[in-house]
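Here are some notes for a colleague who is starting to read this structure. Please keep the sequence and the 3D view open while going through the numbered points.

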Amino acid sequence: MNSSLRKYESLNTASEKKLKVYNAISEHVYPGRVEKLLGGGIDFVPAKREGYIWWDTDGRELYDLHINGGVYNLGHRNQEVVKELVAACNELDIGNHHFPSEPKALLAEALIKNTPGEMQYVVLTSSGSEANDVAVKTARVTTGRRKVVALDCAYHGRTGISGAAGDDETARYFNSDSPDEFIKVPFNDIRAMENVLKHRDIALVMMEMIPATAGFVMPEGNYLKEVKKLCEKYSTLFLADEVQTGLGRTGYRWASDCWDVEPDMIVIGKGLSGGMYPISALVMKKEPGAWLTDNGWGHVSTFGGSDIGCRVALKALEISLSKEALENARKQGGYIRAGLEKIKPRFPFFEEIRQQGLIFGLKFQDKMYGLGMMKALYENGIWAIGAGFDETVIQFKPGLLVDKAYCDELLRRFENACIWMVNSINALISGSTINENDQEIKTIKKLAQSSLIKWNLNGAELALLKHRENTVFKVTDTFTSKKYALRIHREDYHTKAALESEVNWMEALDNNGVHCPKCIKTDKGEHFVVAYHTSIPAGRYCSLLEWVDGAPFDNLGRVENGVLPELLVRYKKLGSVAADIHNQSENWQPPKGFFRHSWDKEGLLGENPLWGRFWEHPKLTKDQKRQILKARIVLKGLLDQVGKKSSNYGLIHADFLPENVLADGDELRLIDFDDCGYGWHMFEMATSLFPQISQPYFDELVVAYVEGYRSRRDFSKEELKLLPAFMMIRGFAYIGWLMTRSESIPMGDRIVEEIAQGLCKHIPDLMAELSPIQRMGVELISFYQNLRK
Ligand SMILES: Cc1ncc(COP(=O)(O)O)c(C=O)c1O
């Protein structure tokens, strides 16, 4: 495989066929695009296609909600269109662009008949961009003016003229922008439009009727009609670019019908091809089309208006504008909208539904959620693309002929994608960006390399896996191809005794059926060695662990048959593993000299909690700080009441998140015992469940987890009632943890804000549980604490 593509994990399991395609395309066609898609985890190579579904070269099925902007309005390989194409191929060919032909004549008549107002002329082209170019030339020759107004968020194509009419950045990139001639105004801003038009030097207003690349922003009120009126007032031509909005997609023939506008010219593309043969059109009124009489060869296009293309387009037009198709677009559009409206309130990151007929722009909280949803949809069987100029929005474009069964399945997959998204967002936001060129990492890598000699692995390949508290490398022995995980332990966290104790417990757990990687001893029988570097003179402890295959347990991958059921199965399993850990630790007698820290009252809520003085996080508001300090007092009292018993307190993993459980088939292995210590079992449980705390299905996950736990160990209803309090304690610990990581975790501050907001909402409930006297006590203590500061 081309070495630059090797880094993409999804290609590891790809077929030879797919790899070949990727290699060739990245060598010769669009390397930049391939890299971007693979970088976003999108590894689709379309092969079989039918209706509104297509399949990858490796057999994976996707619902096509991009439909190439409307090219597949009638579905992939619509059989009526295919039949027409085959029939045309048996009689015709491209034809000759200089001569009249019957297919051209019939298509032109049909277009004139089916477009709004008094249209007279048609220029047939092979692309929408070309049709837009002709529209600009037409306006210039008709008005004698050169300037054009377009929306600052519009896309009209990528040829020279249409490109200059669209986003400046790309045109400028090719040194092809003309800011003096293409003036940009904001959408839905009638004043800005008039301010430009009033100078009476504008030839054309190019209007993308519902700007697609901006995320299908809907025209407000009478905006489109008002713009047309202004055009009349200032003798400017009005072009409706209906490449994305035409041919029934709005539930009307054209967006122009939907908003009751009569354009001077209209550009039609994409769906006119029936998805089978490229063709587009510029349809215009008599006056702007006068140049066609004056200069018959004014615009010539070899493939534009090919005979075969015209036959296909005629058929596509007939089906798309049929009464049934238009009714279906309105009906199914409404049905999908109603379904989405039901899903939306359950997922706060899903902010807005923009819709007209079968055109949908789905807006998410921010770019991270927008791009994340594109991936989530992809993993759940839907191909939909983010809007190029606003990545918070997903373009969601069901085809014209979809039926109820398709829409139901679409909504099911969409809902799955939302659940997938919330399950994965933690990994997305807390995943730190590792820059291997960072000086610190380079130094640690050198130190790591020098340690390998102790295991007779000098010269083995090192690949960075994680750089957080500890730095972890994958080690590959180049002679035997055997793999290991090398951990470089952070400074000043654990003593040697604590590190040895961690290994002792992992071994004991492993012997009791809770699988953990084995720690590999050096020739001298050591678990830990100290390696040095000139800039780390104190050295770092290094340990080598058995390599564990498998994916993190929260990595759902592709779960096309229901994400929630899968999550429930996983959390149940997680609960049972937690119980296994606690069973083992309750019955285990640690060896002499065993030492681990304690997640006890002091470790969690004391003056110097293990993960930091969370109430001092600079992102907390004054009020939040005050509330959190009160909660801290109440929770300390609660921990005293709960007490430490062998049934509720003992050795815990303490970072028992799904990401620290690796699944290889049915085999689960626990990793990262760095935080293990003595603590409440409830804290373990709260840790596993915390990432899901604000999700709509949280209660169901708790039930599944507890069911799994109870299948192995007793757990009373009374104990379960303590979960909210322990969740709060875990949340506080998390805030403390993030306090020292604002640089390495890019979204850290935002996570703190979210956690703090979420937890503070529940602090009044916590206070409400107290008796009036207790509440007064808390108020008094917090008053004196504030005084002391
Ligand atoms: C609104 C709009 N206009 C014009 C075009 C350009 O069409 P083509 O890609 O066929 O040149 C597109 C393409 O996406 C479009 O969305």
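1. A disulfide is counted here when a pair of cysteine sulfur atoms lies within 2.5 Å. The model is predicted, and a search of the whole structure finds 0 disulfides in it. Cys 258, for instance, takes part in no disulfide, and the nearest cysteine sulfur, which belongs to Cys 153, is 18 Å away. For Cys 407, the closest cysteine sulfur is in Cys 418 at 16 Å, which is too far for a bond. Cys 407 also counts as buried, because its relative accessibility is 0%, and buried means under 20%.

2. Together with helix α9, which spans residues 223-233, the strands β7 and β8 make a β-α-β unit that is right-handed.

3. Another part to examine is an open sheet of 4 strands in the order β11-β12-β15-β14, in which the pairing is antiparallel. Strands β11 (350-356) and β14 (385-387) stand at the edges and have a single partner strand each, so one side of each is left without a neighbour in the sheet. From one strand to the next, the twist averages 35°. Inside this order, β12 (residues 359-364) and β15 (residues 390-396) run antiparallel and are joined by 4 bridges, and Lys 363 has Val 393 in β15 as its bridge partner. Helix α13, residues 323-343, packs on the sheet and touches β11, β12 and β15, and its direction makes about 170° with that of β11.

4. There is also an open sheet with the order β1-β2-β3-β13, again of 4 strands, but here the pairing is mixed. Its edge strands are β1 (46-50) and β13 (382-383), each of which pairs on one side only. Strand β1 pairs with β2, residues 53-56, in the antiparallel sense over 3 bridges, and Glu 50 stands opposite Ile 53 in β2.

5. The aromatic rings come next. A pair of aromatic rings is described by the distance of the centres and the angle of the planes. A search of the whole structure finds 27 aromatic pairs, and one of them, formed by Phe 187 and Tyr 223, is edge-to-face, with 5.3 Å centre to centre and 80° between the planes. Phe 187 counts as buried at 12% relative accessibility, and Tyr 223 counts as buried at 4%.

6. Trp 680 and Phe 726 form an aromatic pair that is tilted, at 6.1 Å centre to centre and with 55° between the planes. Trp 680 lies in strand β27 (residues 677-680) and Phe 726 lies in helix α24 (residues 723-739), so the pair ties together parts that are 46 residues apart in sequence. Trp 680 counts as buried at 3% relative accessibility, and Phe 726 is buried with a relative accessible area of 0%. Elsewhere, one aromatic cluster is formed by several residues, including Phe 347, Phe 360, Tyr 369 and Phe 414.

7. A last point concerns Glu 707, which lies in helix α22, residues 698-710. Is Glu 707 buried or partly exposed? At 44% relative accessibility, Glu 707 counts as partly exposed. The C-alpha atoms of Glu 707 and Lys 573 are separated by 9.1 Å, and these two residues are 134 residues apart along the chain.

Notes. Residues numbered from 1 in each chain as written. Predicted model: local features only at pLDDT ≥ 70, side-chain atom pairs only at ≥ 80, totals over all residues. Heavy atoms only, no water. Right-handed = clockwise from strand over helix to strand, strands pointing away. Helix = DSSP H or I, 4+ residues; strand = E, 2+ residues; numbered from the N terminus. Pairing = 2+ DSSP bridges. Axes fitted to C-alpha atoms, helices over the stretch in contact; angles between N-to-C directions. Contact = heavy atoms within 4.5 Å. Buried < 20%, exposed > 50% of the residue type's maximum accessible area, 1.4 Å probe, protein only. Phe/Tyr/Trp six-rings, centres within 6.5 Å; stacked < 30°, edge-to-face > 60°.
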